[in-house]
Amino acid sequence: MTLLAVDRLTKRFGGVLAAKDVSFALNVGEMLAIIGPNGAGKSTTFNMVGGQLRPDGGRVTLAGQDVTGLPPRQVCRLGVGRTFQVAQTFLSFTVLGNVQMALIAHHRQTRRLLANAAAMHREAALALLDRVGMAAQAARPVGELAYGDVKRVELAIALAAAPRLLLMDEPTAGMAPAERAALMALVAGIARQEGIGVLFTEHDMDAVFAHADRILVLVRGEIIARGTPEEVRADPEVQRVYLGHSGTRAAARARRAADG
Amino acid sequence: MEWDFLLVQALSGLASASSLFVMASGLTIVFGVTRIVNFAHGSFYMLGAYVAVTIVPWLLEFDRSPWLFFAGVLASALAVGALGVVMEVMLLRRIYRVPELFQLLATFGVVLIVQDLVLLAWGPVDIPGPRAPGLRHGVYIFDQRFPAYELFLIFVGPAVLALLWLLMRHTRFGVLIRAATQDREMVGALGVNQAMLFTGTLFLGAALAGLGGALQIPRISANPQMDLSVITDAFVVTVIGGMGSVPGAFLAALLIGQLQAFGVLVFPKITLVLVFLLMAAVLVVKPWGLLGKPETAAGRTVLPEGILDPRPLDLAGKVLAALALAAVLALPLLDAYAVKVGTEVLVLALAAFSLNFLVGNGGIVSFGHAAYFGLGAYGAGLLVTKAGLPMEPALVAAPVAGGAFAALFGFFVVRLSGIYLAMLTLAFAQIAYAVVFQWVEVTGGDNGLVGVWPSRWAASREVYHYLTAAVTVAAIILLRRVIHAPFGATLRAARDSAPRADAIGVDVRRHRWLGFTLAGAAAGLAGGLYAFSKGSIDPTLLGIPLSVDFLSMILLGGIQSVLGAVAGATVFHAVKDFFMPLTDHWRLFLGLSIIAMVLVFPRGLAGAWTELQRFYARVHRLFTALRKWAERQP
């Protein structure tokens, strides 16, 4: 069943066509990766889905509802959680406070003037932190954490909105390799368990090939290949774009030499 | 209306545009390089005029030649440029890294100091300047007489623009200015001597301000009010043009010059309002001005300056609060004067607390908070004096008035951020001030309104003190509660990371707007209480100096502290009240105090308290170590 349908999204920055007729669909509970070289339009596509950018053309449909051009807060309320390339958290809050804040927003209680915010949704927030393995650090200021842990807190914040879809822009950027694998395994586990669809961009190919159900390859704003990890890995066009002509030939030579 | 009359009107608009641009270009260049909004720019302008009215007549005694006149004007500009260097070396250099709110306050300290020094040197009387030899006649443009000097001024603006363009394109200094305006860190990383660059920039900026002031002497007498009246214009020009953009300032000056010239014909009384409306309109469409560049600060990577994680009061806090409350209740046991000061402190504490609700809790640096205080006072005062209502409904109307205007102005304000936001709050405060000042039939203009007395049951000073205490303490407790509540937390969240707040479903703009309105209502309530404590109100209740007082109070208390604003207001007002009668030079004193505060206690009294505790711990550790060492010695 289709959760997210993206139909011919187009975005132009001045003379640069950052995304051209990008179309894809994401099914319920599916993990879909967008890969591509720097400047391919991954983040642009992402921000058009999340509402941070308004597309010049095309449509975004979430569970049958047109969400094209809606601001992020409304996209969020329709069940989309998001993490950013550079983690965005509330630095002056504790770890627990960050998730409590997200829950307060989710329950639309942000205009309450007299309740004590620190006492609201404690249990639910702790449960979310437990799921991302951060319950032990709940009382610490988020500004003190290692970056990998900040990313986990950000994931808990995104999950607080009880999302049907997670948008994760380079979830493992800036992390150590061991942390990366653990975070991706965590995301994949939660997504499979709860049937949350995940759309993510990633430079770390190990993370992509280990967890994505399907992969889109974006180059200069256009999708040049799509399919299962095996199909994408075998695609000659993808090889050419990532390795270049000489690189592909070099790889072939190396393989022949190795074969004897 | 004849078209030749319109032409002359357009020409006089061009002349004032020229003057505006010469002055504002310096402000925008200084901001571009140092990122400091220099309040003292208006003081440089004023100094330019004073120096010129001193040396130009002296020069003209030798020979009444136009060349000597302009040599005197240029010399004045250079002298003021040198003063800019003094300011950079002595003050600005030390505050480039402190938050922009503190920088603004420090430069305002310089404004106060210069005001007193000017009074000392030149006295309070306006000093008319000589007219420019050779340019004293009028030129006839289709039967309309137009002063030759104004015609000359029209060409000064473009000439300065051309010279600045040459400087920026063809000298190393100019290239560095442009580079630093785009990316200060990169210029530093490339090994440019920043100290020299900044000093040079301040020289250029101050000299341009001085030139602007010196050029005015044939038109306006040098007077001690020039600085603040002109700095608002300069802010408006730079904000409309885009902070840091010289061509933008030129464009904006042209627009404003024409708007003023023709606005006078259509709406003679509200030209100032027209200018600010233009500014509000431009900022809504282009939040970074006509030719400005967006500030690149989406999410934070450093802790915000302000309230971090509000906790319930600890024991020491509870004891302090109880003592303060006891002191408030016990004041009437002392003399009447103590009661008067106590009532004032309570009112100011509420106003300062409401400002820190915005600044410390919301990261919304309002530079015109006095507007809502004053509008609350006028709301209450007008009901009593014009509508004949008693105190009680008037005190209800005060927060309504403050809140309503905060909602109106805030609608535009919350669309911006950082320094643009601060400038827009200042601009709106000036609109309110101008309207109250000029609308004499209703507001009494400069004289204000008298006869704003409490109802009979609250007429005695003591009873009114208790009434004020009850209302302000209740309001502060409520606002504090809001800081701890989801609404306050949401404002902090939006301050920490607007993209994150947006992504969890928060309408950031709407929450900031509601917060701005709530703070305005609280300030309005304080203003209403203040009106009845004095019996009279006047436009200074909306003025920049009072806004700066409020900012000084929260800075003194420490904007990271929830209750610091109360302590700051108490200390600030007590000190001011104690020293002001002792000296004629309270501005000098206040200015120096503000600067000392920024330099010595950048985190306020609350911060100093934490530092003191840390210092004590360090001394204690050192002492223990020394003792252990001594014990080990034979």
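Visitor: Which domains does the domain assignment of chain B give?

Guide: The model is predicted. In chain B, residues 3-223 are assigned to one domain and residues 315-602 to another, with a further domain at 606-634. In order, these are domain 1, domain 2 and domain 3 of chain B.

Visitor: What distance separates the centres of domain 2 and domain 3 of chain B?

Guide: Domain 2 of chain B covers 315-602, and domain 3 of chain B covers 606-634. Taken over C-alpha atoms, their centres are separated by 41 Å.

Visitor: How many helices and strands does chain B have, and what is its radius of gyration?

Guide: The secondary structure of chain B comes to 25 helices and four strands. For 634 residues the globule rule gives 26 Å, and the value for chain B is close to that, so chain B is as compact as a globular protein of that length. Along the principal axes, its C-alpha atoms fill a box of roughly 80 × 80 × 55 Å. The radius of gyration of chain B is 26 Å.

Visitor: Are helix 9 and helix 11 of chain B roughly parallel or roughly antiparallel to each other?

Guide: Helix 9 (residues 226-241) and helix 11 (residues 271-285) of chain B pack with their axes 9 Å apart, at an angle of about 25 degrees. Angles under 35 degrees count as roughly parallel. Helix 9 and helix 11 of chain B are therefore roughly parallel.

Visitor: Which classes of residue make up the contact of helix 9 with helix 11 of chain B?

Guide: Helix 9 of chain B passes helix 11 of chain B in a left-handed crossing. Helix 9 brings Val236(B), Val239(B) and Ile240(B), while the residues from helix 11 include Phe276(B) and Met279(B). The contact has no polar and no charged residues; its nine residues are nonpolar.

Visitor: How are helix 13 and helix 23 of chain B placed relative to each other?

Guide: The axes of helix 13 (residues 336-362) and helix 23 (residues 564-579) of chain B are 8 Å apart, and the packing angle is about 135 degrees. The crossing is right-handed. Angles over 145 degrees would count as roughly antiparallel. Helix 13 and helix 23 of chain B are therefore oblique.

Visitor: How many charged residues are in the contact of helix 13 with helix 23 of chain B?

Guide: Among the residues that make this contact are Glu344(B) of helix 13 and Asp577(B) of helix 23. By class, the contact has ten nonpolar and four polar residues, and the charged ones number two.

Visitor: How many nonpolar residues has the contact of helix 15 with helix 21 of chain B?

Guide: Helix 15 (residues 391-413) and helix 21 (residues 508-534) of chain B pack at an angle of about 145 degrees, with axes 7 Å apart. Their crossing is right-handed. The contact has no charged residues and eight polar ones, and its nonpolar residues number 19.

Visitor: Which helix of chain B gives the most to the side that touches chain A?

Guide: The contact takes 34 residues from chain A and 27 residues from chain B. Helices 18 (461-484), 19 (486-496) and 20 (498-503) of chain B each supply at least two residues of that side of chain B. The top contribution is seven residues, from helix 19 of chain B.

Visitor: How do the residues on the side of chain B that touches chain A divide by class?

Guide: The side in question has 27 residues from chain B. They divide into 13 nonpolar, six polar and eight charged.

Visitor: What is the radius of gyration of chain A?

Guide: Chain A has nine helices and ten strands. The globule rule gives 18 Å for 260 residues, and the value for chain A is close to that, so chain A is as compact as a globular protein of that length. The radius of gyration of chain A is 20 Å.

Visitor: Which helix gives the most to the side of domain 1 of chain A that touches domain 2 of chain A?

Guide: Chain A is divided into domain 1 (1-79 + 163-229) and domain 2 (89-162), with centres 24 Å apart over C-alpha atoms. Twelve residues of domain 1 are in contact with eleven residues of domain 2. Five residues of the domain 1 side come from the top contributor, helix 6 (residues 177-194) of chain A.

Definitions and conventions. Residues numbered from 1 in each chain as written. Chains lettered and ligands numbered in written order. Predicted model: local features only at pLDDT ≥ 70, side-chain atom pairs only at ≥ 80, totals over all residues. Contact = placed C-beta atoms within 7 Å. Nonpolar A, V, L, I, M, F, W, Y, C, P; charged D, E, K, R; others polar. Axes fitted to C-alpha atoms, helices over the stretch in contact; angles between N-to-C directions. Parallel < 35°, antiparallel > 145°, perpendicular 65-115°, else oblique. Left-handed = near helix turned anticlockwise from the far one by under 90°. Domains from an automatic or database assignment. Rg over C-alpha atoms; globule rule 2.2 N^0.38 Å.
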